[in-house]
Structures are given as C-alpha cells and as structure tokens.
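Here is a short briefing to read alongside the model. Take a look at the fold first, then follow the points below.

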Amino acid sequence: MSKTISGIAASDGIGIAKAYLLVDPDLSFEKQTISDVDAEIKRIHDSFNASTAELQKIKENAKASLGDEEVAVFDAHIAMLSDPDMIKQIEDEIKNDKVNAEQALTDVTTNFAETLAAMKDNKYMQERAADVKDVAKRALSHLLGKELPNLASINSPVIIVAHEITPSDTSQMNKKYIKGMITDMGGRTSHSAIMSRTLEIPAVVGSETATSEISNGDQLILDGLNGVAIVAPSQEEVNDYEQKAKHFAAQRAEWAKLVDAPSVSKDGKEFEIAANIGTPADMDDVHKAGADAVGLFRTEFLYMDSDALPTEDQQFNAYKTVAESMNGKPVVIRTMDIGGDKPLPYLPLPEEMNPFLGYRAIRISLDRQNIFRTQLRALIRASKYGQIRIMFPMIATLDEFRKAKKVFMEEKQNLQKDDPKIGDDIKLGIMIEIPAAAIFADQFAKEVDFFSIGTNDLIQYSFAADRGNDAVSYLYQPLNPALLRLIKHVIDSAHAEGKIAAMCGEMAGDQRALPLLLGMGLDEYSMSASSILRSRSQMRGLTTDECAAIVDEVLAKCQTADEVETLVNSRLSGVTQ
Ligand SMILES: C=C(OP(=O)(O)O)C(=O)O
Ligand SMILES: [Mg+2]
C-alpha cells in the first residue's frame, strides 16, 4: 500500500525516484575496556583507510559536477586522515588506557577540534575544527559499520529526504541526479524553498514527518505542484504521475517559446517580469528565462559565501558582471540584508530573542557605516556598466530612508571628485516589507524613486507568523483581503506620485495572485527565474480591465483568503486559457 505525505508545495515539477535520506545514522557507542591492543589499533587503521578510499571516490564524483573549491574540501579531509600526530595520539590512548577504538578516536579528535576552535585570532585554523569533526564522524561510521549520507557521491537519480536543506548542501548537489527534495522543516518562503526554485528542482517543504516516514531507497513520487510525496506508489500511481510529468514538461516547452516575447497583457499593456538572483552565477538562468530585468539581487549571499567582508573591488566586480550581462536593462541591487535568518559567521551579532525583529538589514548598515559605505561605493562605480538601481531592505521609517540616502549622496559626491557624473542616474528605492512602511507608502512615495513589495516579510510581519515555521504556515496567506488592501494602498501610493511599484516577494510569481496584482496595476513582477515564463504565459491571457474589476469585487465582498481564491477562479473561467 502506498502512503501519502503532505507538505507545502515549494517548487513546481514532478520527480519519480528512490529516496536518499540525508540524515546521519545513530553513531552512539559504549566505552569499552579492551585486551587485544593490536586488534584495536588495526581497527583504527582500517577505518582511516576505508574513509580515505571513500573520500577519494566522493571527490572523483564531485569533480564532474562541482567547482574546485568544493572539491578542495575533500583533499583537506584526506590529508587529515594521514596526520601522524593524530594517529599516534589515538594509538597511544588505546595502548595506555586500553579503550576501544571508538572511544580513543572520539577523545583525540574532540581534543584536536577544541584546540583549533580556541584559536580566536586565526580564522583559518578555527574553521578546520569543523573539518576534524567531519573526518572523525566518517571514521567512526566505518568503525560502527554504518554509512554516512553524502550528497556529492550521488550518481544516480534520487529524491532527497532531509530535515532541512542548507545552502552548503545544495552546493554539493549534482542537479542532474536530484529529481526532487522533501524536507521536514521550512515554509514556502524559507531560503531552502527559494533555492529549490532557483535550481528548478521539484520540492515539498514543511512536511514535518518525511524523515521519519520515509526510508532510504523507498520508491517515491514527489509532486512539487501539489505539495505531496507518495511512498511506495502502485504501478497505477506511477503511470498516472508519469503522464502528469509529461504534461508538465510539455507545458514548460510551450512556455519556453515565450523567451523573447514581451511581458504584455491580452489587451496589450506592457509590464516587466524580472528575476530574483543571489549571485552573478544565476545570470544564465535569468537569460534562459528571458527576464525583462533583475528585480532583486540579494547581495547578502556575497557576504555569506565569503570568509570575510567582501572588499569594494570584489563587490564592484559582482555588480558590474550582472549590470553588463543585462545589457542596459534595469538591475535592482538590494543592499545587504544580513541578520534574521541570514547570519554572518565573521560578523558576530548579539544574541537576540527575536532575530527577525532585531538588528538586521538597513539597521546594521546605518549603524556600521563603513560596511554600508563600501557597498555603496562599489554600487556607484558599477553603475557605469548598466542600469543599476539601489534598494534598501527593511525600511520602517522615513528617517531611515533619509539617512541611507544621505550616506549614498556623500559617497556619490566623493566619487564625483574624480568622475563628475558618476552615479547621477541611479534610482533609489525601498523594500516595502514592514507594515509601518506599507501603511505610510503615500508619504514614502514622495521621496523614493520606486517601491518593491517584499511579501515574504510583509506577510510574516503583518500576520505575526515566522515565515520559516511550518506550524504557523497556515497564516502565510498572500490572498488574504487584509494583505490585498495593504498591497493596493502601496501600489496606488506609488502611482499617485508617478513612481514605480514592483514586487519581489514570492507572491509576485504566485499564479493565484497574478490576476489580482495585474488588476491593481503592479508595474514589475520579480520572481525566481524558473517562474518567469509561466507567469508571462499567464499574463498574456489576462485583460487588465477585467482583472481590475475582479480586484474591486474581491475587496468589496471577500472576507477570507479562500473566498478570494474562489471568486477569482470563478471570474476567470472563460477569461484565461
Ligand atoms: C523579497 C524579500 O526579501 P527576502 O526574501 O530576501 O527577505 C521579501 O521579504 O519578500
Ligand atoms: Mg525580506
């Protein structure tokens, strides 16, 4: 009998493959007194040899799909397994204390890791502590005869089943073999969900129970369109889903024909469908999707993927690459949004009770202005290579925007001493993601050049529901009339002052929301590159007047998100394809 597990649909598509459980096995053991010292020492050597052989194999596989940096980690681990000092200490403990290999390995490696972690002024050595722990875990798994999961060693089609998937996990994945992902944790706007969409891997998140209900090697169907996974499906179910997957692939092929088509409504009104990116490496997908602009460059990834604050030149190069690659089309670059769920290991921030309500984004930038000024200089310099727009995240008050603008003006004037007109064309905008700013949009609109509505956070803060917590994910309601009112107010306020209203939260790529946003006259829709062509296709089937009438009716009549969805669907049947 098959079993169905439900979660949150996070990335479109259907995958059928065996489950790959990304969960560490139980590596607990008992301390034992041994009598055969030689046999125990041999066990250690065997486990180190087996670990080395395993790492060599993983490295070979990884070479084919990953960058040099990722592969170098495996070399470092292999080198550690032949460290004479570490091996001697383990042998000595076995000889002197007559303990089992597991105990000696754990004692010695824990000691090594602690010594490294204590080297506070040597970051490189500090980071090696994690490598020692990793290597020890691998050797221990061999001693206990258990297998560790390893993403980089995957070389046949699988569906990843994990508690949570981190950015470093995704950097080890070979997209070719990953047919889907299902996690226990996360909501639709958690960063692992956003990553799965960027990688175009079908995904279901927030299932709560996937890792406990699915075993390694189970046959799985993953339906990222409807947010379900079927464990041990019947042949009939497999056939059914193979048909659905074919249908979805055919639909994708149809959408792909729109790569060079304009983003217009059925009645010929032009809009912009833009891409959200995290690094310049995402630009390939942006071009494949035929994006009209980059509507959100989340620069915090430049800070997160690095061991230290990125220099002005490193940032300049990243911004220039993206600006040039868009060939004159707009590129909205958001200043760093660190804090909340995006910590920086090398920038210690105070422990907070409520990190999402704490010291983050523009609050850090205005407080630590050297970091902010470096970023602004890099952005102003890069603006010579394309149409760069600068956007400030997490603006709550007009004062914050004015302060940020003042710093920008000072840096621009400094740079203009050498290059008189540099930065003069840069438009300055803000994210509307804090309810106070949304409510006060009519006043903000007088001073900013554009808004971009960040619905991921705007919903989180409006409904007081953590965006990554699946226990409260029922409150993530893009179609709730309260939110729709707020969004309409923001769009109307921008237009009253002749300013651009964009949206870069996930709602911009939500098929259910598009007719309403079009009806409200939203100018720019910025989303994961993988959603662009589908949205363009949908937009081309909608008429703005009809959508505006639906918005009026929804706002006059509906009290719940479900009522909104039902009303929109009933009005659209016959309007769209
Ligand atoms: C786009 C947004 O920003 P992020 O997801 O990076 O917080 C948002 O909050 O909607
Ligand atoms: Mg946000």
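Which helices cover the buried residues of helix 22? Helix 19 (481-496), helix 20 (514-520) and helix 23 (561-572) are among what covers them, with contact taken as C-beta atoms, placed from the backbone, within 7 Å. The model is predicted, so local features need pLDDT of at least 70 and side-chain atom pairs count only at pLDDT 80 or more, while totals for chains, interfaces and linings use all residues. Residues are numbered from 1 along each chain as its sequence is written, and chains are lettered from A and ligands numbered from 1 in the order in which they are written. Helices (H or I, at least four residues) and strands (E, at least two) are DSSP runs, numbered from the N terminus.

**Helix 22**
- The buried residues of helix 22 are T544, C547, I550 and V554; buried means 20 or more other C-beta atoms within 10 Å of a residue's own, exposed 12 or fewer, and partly exposed in between, with C-beta atoms placed from the backbone.
- These buried residues line one face of helix 22, because they fall within an arc of 115° seen down its axis, the arc being that of the directions from the helix axis to the C-beta atoms.
- On the other side of helix 22, you will find D545, D552, A556 and K557 exposed.

**The barrel**
- Eight strands form a closed barrel, in the order 9-10-11-12-13-14-15-16, with parallel pairing; two strands pair if DSSP finds at least two bridges between them.
- On average, neighbouring strands of this sheet are turned by 25° against each other, direction ignored.
- Strand 11 (residues 330-334) runs parallel to strand 12 (residues 387-392), and five bridges join them; P330 has Q387 as its bridge partner in strand 12.
- Helix 12 (residues 312-325) lies across strand 10 (293-298), strand 11 and strand 12, at about 155° to strand 11; axes are lines fitted to C-alpha atoms, for helices over the stretch in contact, and angles run from 0 to 180 degrees between N-to-C directions.

**Around ligand 1**
- The shell of ligand 1 consists of L296, R298, D337, E433, G454, T455, N456, D457, C504 and G505, where a residue is near if its C-beta atom, placed from the backbone, lies within 6 Å.
- Helix 18 (455-462) gives the largest share of this shell, three residues, and strand 10 also supplies at least two.

**Positive phi in loops**
- K98, not a glycine, has a positive phi of about 55° and sits in the loop between helix 3 (84-97) and helix 4 (101-117).
- E208, also not a glycine, has a positive phi of about 70° in the loop between strand 6 (203-205) and helix 8 (210-213).

Conventions
Two residues are in contact if their C-beta atoms, placed from the backbone, lie within 7 Å.
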